[in-house]
Amino acid sequence: MVHVFENHGNYYIFDSGSASLHECDETAARLLKEKLGQGKAEIPAQERAAYEADFAELRQNGLLFAPEPSVCPAKSDKVKALCLHICHDCNLRCRYCFADEGAYHAERQAMSFETAKRAIDFLIAGSGDRRVLEADFFGGEPLMNFDVVKKTVLYGKEEAAKRGKTFLFTLTTNGVLLKGEIADFLNEEMENVVLSLDGRPEVHDAVRKTVNGKGSFDLCYNNIREFVKKRGDKKYYVRGTFTAKNLDFSKDVLFLADSGFASISMEPVVTDIPELAITEAMLPRICEEYDILCDAYLQRWREGRGFGFFHFDIDLEGGPCLSKRVSACGAGNEYFSVLPNGDIYPCHQFAGDTDFCMGSVYAGELDAAIRGKFKTSCLFTRKNCDLCFAKFICSGGCSANNYHFNGDIDVPYGVTCVMMKKRIECAMHILAEKKKGR
């Protein structure tokens, strides 16, 4: 698959088979589009011949029209990671929360240490010869059950060490309780910390409210800033969500950057609330906003005050490997979600949907049919991905989003596809500009 596109006045050719990005002039772009059946290029014969020779050289060197893999590598049955729903309760009531404000459409409850231990044991027992294991503390708000978080980390590290393994722990928090002993422990023990903050105070407060209905910005912002200062060069992400109410979300990303946050993610909301949901009609405006953000991102980089934005930071040379890109995220096969009662689901976004309950950490057995569905699902079972230039970067989209919007984990959610492709084009432009040092 060859993709020819223009971004910020620059013309690019992306060859998905080789993951090669080439900058070109407008004439080369027009000519290659003609070869792809995308119009007719009126170019003099002598000039055309010169370009054709360049294309032929690239092709001979495996950098254009390179063959693509067509078979998904065999997936491992070894368990790699768990998402531990350490608390199905929350001290906020965010309007767009896919997790039903932390309760997952069930009673509010916290995971016991005994269940957390069983989950860790399940992961270790199923990990085979994997040396590095991962566990993410999730909710609701996991810090409302901090004592169990702390005990589970210590238990996991102790049990892993006995078997020559290593645990990498991650925690996602809204920041309300992120201070004192809690902040110190997370900074010391977590490989990564995801910090939820939507950007400008008025944007954040409009949807991320406390139990009594007030905005939560002031409760979260200072705690998160102080934690990031403490964090130093350790991994973290300040993760925001944009909705139909703030389609000018580049302002929120830049607000977060101005606040001193160097690692930022801003994700489109996933909701069916009419006044918040992202619709197809909004996509042109959203794509325009990514262009605005792209300009600002590069400008700040040139001025020596750059920041990391998750969707613009792609690596075409160093990974992940192609087999990983084809296999996708591993949900339901290598990665699972564990609820407070010990029930196992493919990932946190399937949690509570009993059609996807795969078993329990107390029983240790997984539903073979459900696991088989996720194990065989990969880029090549995804519908409508074969002619998409982004397929080896997005891996066919999120299985949960695909299912919730289309009723099938193998049918990509079109709205997300459009945003993904736009972000990737911006990211490729940024990559090219940085390579040139300009």
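## Cysteines

Cys 417 is partly exposed, with a relative accessible area of 29%; in this report, buried means under 20% relative accessible area, exposed means over 50%, and partly exposed covers the range in between, as computed with a 1.4 Å probe on protein chains only. The model is a predicted one, in which local features need pLDDT of at least 70 and side-chain atom pairs count only at pLDDT 80 or more, whereas totals for chains, interfaces and linings use all residues. Residues are numbered from 1 along each chain as its sequence is written, and side-chain values use heavy atoms, with hydrogens and water left out.

A disulfide is a covalent bond between the sulfur atoms of two cysteines; the criterion applied here is a pair of cysteine sulfur atoms within 2.5 Å. The structure holds zero disulfides. Cys 357 takes part in none, and the nearest cysteine sulfur, which belongs to Cys 347, is 14 Å away. Cys 357 is partly exposed, at 25% relative accessibility. For Cys 417, the closest cysteine sulfur is that of Cys 385, at 6.3 Å, which is too far for a bond.

## Aromatic pairs

The structure holds 23 aromatic pairs. One of them joins Phe 14 and Phe 389 in an edge-to-face arrangement, with 6.4 Å from centre to centre and 80° between the planes. Phe 14 belongs to strand β2 (residues 10-15), while Phe 389 is in the loop between α11 (368-376) and α12 (391-394), so this pair ties together parts that are 375 residues apart in sequence.

Phe 356 and Phe 374 are each buried. As to the terms, rings of Phe, Tyr and Trp (its six-membered ring) pair if their centres lie within 6.5 Å; planes under 30 degrees apart count as stacked, over 60 as edge-to-face and the rest as tilted. Helices (H or I, at least four residues) and strands (E, at least two) are DSSP runs, numbered from the N terminus.

## Ring cluster and charge over a ring

Phe 217, Tyr 221, Phe 255 and Phe 261 are linked by ring pairs into a cluster. Elsewhere, the charged end of Lys 117 sits over the ring of Tyr 155, at 5.6 Å from its centre; the requirement is that NZ of Lys or CZ of Arg is within 6 Å of the ring centre and within 35 degrees of the ring normal.

## Packing of α8 and α9

Two packed helices are described by the angle between their axes and the distance between the axes. Helix α8 (residues 250-258) packs against helix α9 (residues 283-302) at an angle of about 25°, and their axes are 9 Å apart. The two helices, α8 and α9, are therefore roughly parallel to each other. The axes are lines fitted to C-alpha atoms, for helices over the stretch in contact, and angles run from 0 to 180 degrees between N-to-C directions. Angles under 35 degrees count as roughly parallel, over 145 as roughly antiparallel, 65 to 115 as roughly perpendicular and the rest as oblique.

On the α8 side, the residues that meet α9 are Ser 250, Lys 251, Val 253, Leu 254, Ala 257 and Asp 258; their partners in α9 are Glu 289, Ile 292, Leu 293, Ala 296 and Arg 300. Contact means heavy atoms within 4.5 Å.

## Backbone features in loops

The peptide bond from Gly 139 to Gly 140 is cis, with omega near 15°. Gly 140 is in the loop between β6 (132-139) and α4 (146-162).

Ala 19, although not a glycine, has a positive phi of about 60°. This residue, Ala 19, is located in the loop between β2 and β3 (20-24) and is partly exposed at 27% relative accessibility. Asn 384, likewise not a glycine, has a positive phi of about 70°. Asn 384 is in the loop between α11 and α12 and is exposed, with a relative accessible area of 71%.

Ser 265 is part of strand β10 (residues 263-268) and is buried, at 5% relative accessibility. Apart from neighbours within four places in sequence, Ser 265 is in contact with Tyr 237, Val 238, Arg 239, Gly 240, Phe 309 and Phe 310.

Leu 63 is in the loop between α2 (45-60) and β4 (81-88), where it is partly exposed with a relative accessible area of 31%. Not counting residues up to four places away in sequence, Leu 63 touches Asp 15, Ser 18, Ser 20, His 22 and Leu 58.
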